[in-house]
Amino acid sequence: MLQSFKPHIFIDHTTNYFTVLINTNSSNGNYTIIPGQDPFDDPYQNGVRVYEYSLSSSSSPSNDDAIIHLPLPSSSSGNYNKISVRVLSSNGTVAGSVTVNIK
């Protein structure tokens with residue numbers, strides 16, 4: 001089973017898309033994922049495109065939530081060599097994150 005709130009990224013270079021899996025069940029309760037703001041450039045690391053999602057309490061357990069077929073950042077919109085996915089708790093702290101190379 002996947003660790004709670006830690007994103008797992010699967011990249012498909014043939015289609016230029018990636019998939020994110022996030023286990024939203026934990027010993028502290030069950031959650032759903034809410035998309036955050038539009039992807040943005042990491043202000044501290046050049047070449048990193050950031051995707052944020054927020055946790056929202058849920059009354060029933062769910063399976064791993066899949067965010068399917070997000071396009072890889074276009075090289076025409078920036079020189080990206082990494083993507084970072086962050087899962088934020090309701091108070092804005094990071095509950096889980098991962099950064100991976102895309103090139």
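**Figure 1. Aromatic pairs in the predicted model.** There are 2 aromatic pairs, where a pair means rings of Phe, Tyr or Trp (its six-membered ring) with centres within 6.5 Å, called stacked if the planes are under 30 degrees apart, edge-to-face if over 60 and tilted otherwise. The pair of Phe5 and Tyr31 is edge-to-face because the ring centres are 5.4 Å apart and the planes stand at 80°. Phe5 belongs to the segment before β1 (8-12) and Tyr31 to strand β4 (residues 29-35), so that this pair links distant parts of the chain, 26 residues apart. Strands (E, at least two residues) and helices (H or I, at least four) are DSSP runs, numbered from the N terminus. Phe5 and Tyr31 are both buried; buried stands for under 20% relative accessible area, exposed for over 50% and partly exposed for values in between, using a 1.4 Å probe and protein chains only. This is a predicted model, in which local features need pLDDT of at least 70 and side-chain atom pairs count only at pLDDT 80 or more, while totals for chains, interfaces and linings use all residues. Residues are numbered from 1 along each chain as its sequence is written, and side-chain values use heavy atoms, with hydrogens and water left out.

**Figure 2. The aromatic pair of Phe18 and Tyr51.** The rings of Phe18 and Tyr51 are edge-to-face, at 5.2 Å centre to centre and with 70° between the planes. This pair too links distant parts of the chain: Phe18 is in strand β2 (residues 17-22) and Tyr51 in strand β6 (residues 48-58), 33 residues apart. Phe18 has a relative accessible area of 0% and is therefore buried. Tyr51, with a relative accessible area of 8%, is buried as well.

**Figure 3. The largest nonpolar core.** A nonpolar core is a set of buried Ala, Val, Leu, Ile, Met, Phe, Trp, Tyr and Cys residues joined through side-chain atoms within 4.5 Å. The largest one has 19 residues, and Phe18 and Val20 have the most contacts inside it. Two or more residues of this core come from each of β2, β4, β6, β7 and β8 (82-88). Across the protein, 37% of the 103 residues count as buried.

**Figure 4. Surroundings of Ile67.** Ile67 is in strand β7 (residues 65-71). Its relative accessible area is 15%, so Ile67 is buried. Leaving out residues up to four places away in sequence, Ile67 touches Phe18, Thr19, Val20, Ile22, Ile33 and Tyr53; a contact means heavy atoms within 4.5 Å. In the whole protein, 56% of the contacts between residues at least 6 apart in sequence join residues at least 24 apart.

**Figure 5. Salt bridges.** Side chains of opposite charge can pair when their charged atoms come close. The structure holds 3 salt bridges, each a side-chain nitrogen of Lys or Arg within 4 Å of a carboxyl oxygen of Asp or Glu. In one of them, Arg49 is joined to Asp41, and the closest N and O atoms are 2.8 Å apart. Asp41 is partly exposed, with a relative accessible area of 44%.

**Figure 6. The salt-bridge network of Asp42, Glu52 and Arg86.** Arg86 and Asp42 form a salt bridge whose closest N and O atoms are 2.8 Å apart. Arg86 lies in strand β8 and Asp42 in the loop between β5 (40-41) and β6, so this pair ties together parts that are 44 residues apart in sequence. Asp42 counts as buried, at 7% relative accessibility. Arg86 also meets the side chain of Glu52 in a salt bridge (4.0 Å, N to O). That pair links strand β6, which holds Glu52, with strand β8, which holds Arg86, 34 residues apart. Both Glu52 and Arg86 are buried.

**Figure 7. Strand β8 and its partners β6 and β9.** The protein has 0 helices and 9 strands. In β8, 6 of the 7 residues are buried, so this strand is largely enclosed by the rest of the structure. Strands pair if DSSP finds at least two bridges between them. Strands β6 and β8 run parallel and are joined by 7 bridges, with Val48 opposite Lys82 in β8. Strand β8 and strand β9 (residues 94-101) run antiparallel, also joined by 7 bridges, and Val85 stands opposite Val98 in β9. The hairpin of β8 and β9 has 5 residues between the strands, and Gly92 in this hairpin takes a positive phi near 95°.
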